[in-house]
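User: I'd like to go through the charged pairs in this one with you. Can we start from the model itself?

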Amino acid sequence: MSAQLLDGKNLAKNLQEKIRLEILDLESKAGKVPVVVNIMIGDNHAACAYAKSQQKVAQHVGIDYRLDILDKNVTQADLLKYIEQLNKNFEVNGIMVHKPVPKQINHQEASNYIDMTKDLEGVNISNIGKMLLGRTNIIPCTPAAVMEHIKSTGIDLRGKEVVVVGHSEIVGKPLSLLLLQKMATVTICHVATSEAGKLSDHIARADVLIVAVGKAELIKGSWIKQGAVVIDVGINRVDSKIVGDVEFDVAKKKASFITPVPGGVGPVTVVMLMKNALEAFKYQIKDG
């Protein structure tokens, strides 16, 4: 029996509509819409393409999206000054620093410099700390997209064995906190798990498996528990084909739900950026 596909495009479309309607309602009451600024450093073709997809979604949901491109040689000090100006601008509700950045730029320091209430990507160290305590609605975008996919399955995470493969600062670690808030039993696997020869053992008992490593078909389909939910965050190019971190063709025969790559987590991630813009806007207009 083949798994049910978790179509990211359909999910993104539904989420966009909810955000659009909420912004429309807020606009009728506040007389304005969220304004966000994406700071890009240098003219990177791939980064520009992603920014355009953000702009397209923003326009659809009614967010005023601005792309500010700084010189590729900008210094860290000048970048922080630029962010400070945006922090003080009451007309700007959300700010992000687009990756990748040149080697002279410390992205995390720049993100930490963004006003906590305008942190569009949810990666400001203060927001990460508040997330630990369950006290923020501004969540890192990819973990938020994963949670929306799980929510769409209708599965109650309470007491479920959830295995996350990958312990990055932007996906694995924050995702583990979100899963714990849902009372899942969470196991984080990483390179040392593989070195110990225990990766397949952990995966075999996962009711929900989430993989965010960036290594093509690292997870073999035969390892997956019958009926598991499989969320594949990985995007890898193999020859002319895009594949995930999970061996999809085998895994789909064992899983109950599975995300395709491409077309799974990716389309939802950019919508989560707009959801963060909405949450930031709501917080700011509430405080006048």
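User: Is K225 buried, partly exposed or exposed, and what is its relative accessibility?
Analyst: This is a predicted model, and in it K225 counts as partly exposed, with a relative accessibility of 32%.

User: Which residue does K225 form a salt bridge with?
Analyst: K225 pairs with D207, and their closest N and O atoms lie 2.7 Å apart. The pair links distant parts of the chain, since K225 sits in the loop between β7 (208-211) and β8 (229-232), while D207 sits in the loop between α9 (199-204) and β7, 18 residues apart. D207 also counts as partly exposed, at 21% relative accessibility.

User: How many salt bridges does the structure hold?
Analyst: There are 11 salt bridges in the structure.

User: Which residues are linked with them in a network?
Analyst: The network of salt bridges links E22, K275, E279 and K282.

User: And D68, buried or exposed?
Analyst: D68 is buried, its relative accessible area being 9%, and D68 forms a salt bridge with R66, with the closest N and O atoms 2.8 Å apart. R66 is partly exposed, with a relative accessible area of 34%.

Terms used. Residues are numbered from 1 along each chain as its sequence is written. This is a predicted model: local features need pLDDT of at least 70, side-chain atom pairs count only at pLDDT 80 or more; totals for chains, interfaces and linings use all residues. Side-chain values use heavy atoms; hydrogens and water are left out. A salt bridge is a side-chain nitrogen of Lys or Arg within 4 Å of a carboxyl oxygen of Asp or Glu. Buried means under 20% relative accessible area, exposed over 50%, partly exposed in between (1.4 Å probe, protein chains only). Helices (H or I, at least four residues) and strands (E, at least two) are DSSP runs, numbered from the N terminus.
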